[in-house]
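Look at the sequence and structure first.

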Amino acid sequence: MRRPLVAGNWKMNGDSKSTVNLVNGIANGRAEVINAEVLICPPYILIPRAADTLNGRDDVFLGAQDLDINESGAFTGQISASMLVDAGCKYVLVGHSERRALYGESDQDVAAKFDAAQKGALIPVLCVGETLAERESGDTETVVARQLQAIIDLVGAEKLADSVIAYEPVWAIGTGVTASPEQAQDVHKFIRDMLAVLSTDLAENMQILYGGSMNPGNASALIGMQDIDGGLIGGASLQAESFLAICKSAN
Ligand code: PGA
């Protein structure tokens with residue numbers, strides 16, 4: 001059976017003090033989260049602070065929000081997979097829509113990052129999703145399939161097994177407008193069906209998260225859908241109370 005995963009994407013928010021408070025808050029409430037695996041993705045520079053605060057406990061996983069495709073060298077400003085592992089990360093987001101839209105990452109760039117993450121022993125959380133214009137023109141499935149296919153083309157279908165997929169409709173991210181459980185379920189099922197063509201095991205075991213304005217009020221209905229295996233949470237992951245409430249909605 002697939003375990004739900006609830007991941008917090010802090011984006012570019014927080015400082016040392018708020019990190020200690022937030023991590024302590026999550027750690028203190030962790031025992032009430034029965035079913036879900038819990039992951040937090042702080043900004044790079046706050047990852048060591050989060051790791052120190054967790055102090056070795058392994059029931060809250062750490063991840064980063066991005067990585068470079070190179071292992072080391074003259075790449076000013078960049079961070080590699082091995083650095084993230086060294087800092088305590090287990091996961092890394094790749095292809096978040098903000099990286100695609102604001103920093104020009106192509107499907108091929110995202111695939112290269114997916115590959116670099118796995119080669120560096122990190123679990124990539126591959127973000128896919130359509131813009132509002134793409135949804136309105138009926139292209140949701142085409143876009144999601146293209147984003148997924150770029151990964152399969154580069155690394156091969158079998159490598160997908162060691163990853164997580166997050167379906168995040170761009171129009172729902174940070175907008176307060178969430179996909180309805182049925183709208184999200186439709187795309188999740190489309191993704192799982194696409195995987196099933198490659199391997200039924202792969203399709204059955206893949207954690208497919210929903211992201212986009214998930215909050216304590218809508219999380220249960222979304223996570224309750226058959227093909228939704230948790231959430232990737234932005235705004236509501238910045239307070240321990242709301243993040244934990246979402247984690248508990250998978251109980
Ligand atoms: P949001 O962000 O929950 O603030 O909409 C989700 C995300 O970008 O991962």
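Seven nonpolar, three polar and four charged residues make up the lining of the second largest pocket. The model is a predicted one. This second largest pocket has a volume of about 200 Å³. Of its 14 lining residues, Ala161, Asp162, Ser163, Asn205 and Gln207 are the closest to its centre. Helix 9, residues 200–205, gives the largest share of this lining, with three residues.

The largest pocket holds about 410 Å³ of space. Its lining has 14 residues, and the closest to the centre are Lys11, Met12, Gln65, Arg99 and Tyr103. Here the largest share, three residues, comes from helix 4, residues 97–102. By class, the lining of the largest pocket has seven nonpolar, three polar and four charged residues.

Next, the ligand. A shell of 13 residues surrounds the ligand, and the closest are Lys11, His96, Glu168, Gly174 and Ser213. By class, the shell has four nonpolar, seven polar and two charged residues.

| Residue | Protein atom | Distance to a ligand oxygen atom |
|---|---|---|
| Lysine 11 | polar side-chain atom | 2.7 Å |
| Histidine 96 | side-chain N or O atom | 2.6 Å |
| Glycine 235 | backbone N or O atom | 2.8 Å |

How much of the ligand's accessible area does the protein cover? On its own the ligand has 280 Å² of accessible area, and the protein covers 95% of that.

Now the backbone. Serine 213 is found in the loop between strand 7 (208–211) and helix 10 (219–223). Is this residue buried or exposed? Serine 213 counts as buried because its relative accessible area is 18%, and the cut-off for buried is under 20%.

Alanine 121 also has a positive phi, about 70°, without being a glycine. Its loop runs between helix 5 (107–119) and strand 5 (123–128). Alanine 121 has 62% relative accessibility, so it counts as exposed; the cut-off for exposed is over 50%.

Methods:
Residues numbered from 1 in each chain as written. Predicted model: local features only at pLDDT ≥ 70, side-chain atom pairs only at ≥ 80, totals over all residues. Heavy atoms only, no water. Near = heavy atom within 4 Å. Polar contact = N/O pair within 3.5 Å; in protein donor to acceptor, adjacent residues only side chain to side chain. Areas by Shrake-Rupley, 256 points an atom, 1.4 Å probe, with all protein chains shown as cover. Nonpolar A, V, L, I, M, F, W, Y, C, P; charged D, E, K, R; others polar. 1 Å grid on protein atoms, 1.4 Å probe; cavity = no way out; pocket = protein on both sides within 12 Å on 5 of 7 lines; lining within 4 Å. Points joined across faces, edges and corners; volume = space filled by probe spheres on them. Helix = DSSP H or I, 4+ residues; strand = E, 2+ residues; numbered from the N terminus. Buried < 20%, exposed > 50% of the residue type's maximum accessible area, 1.4 Å probe, protein only.
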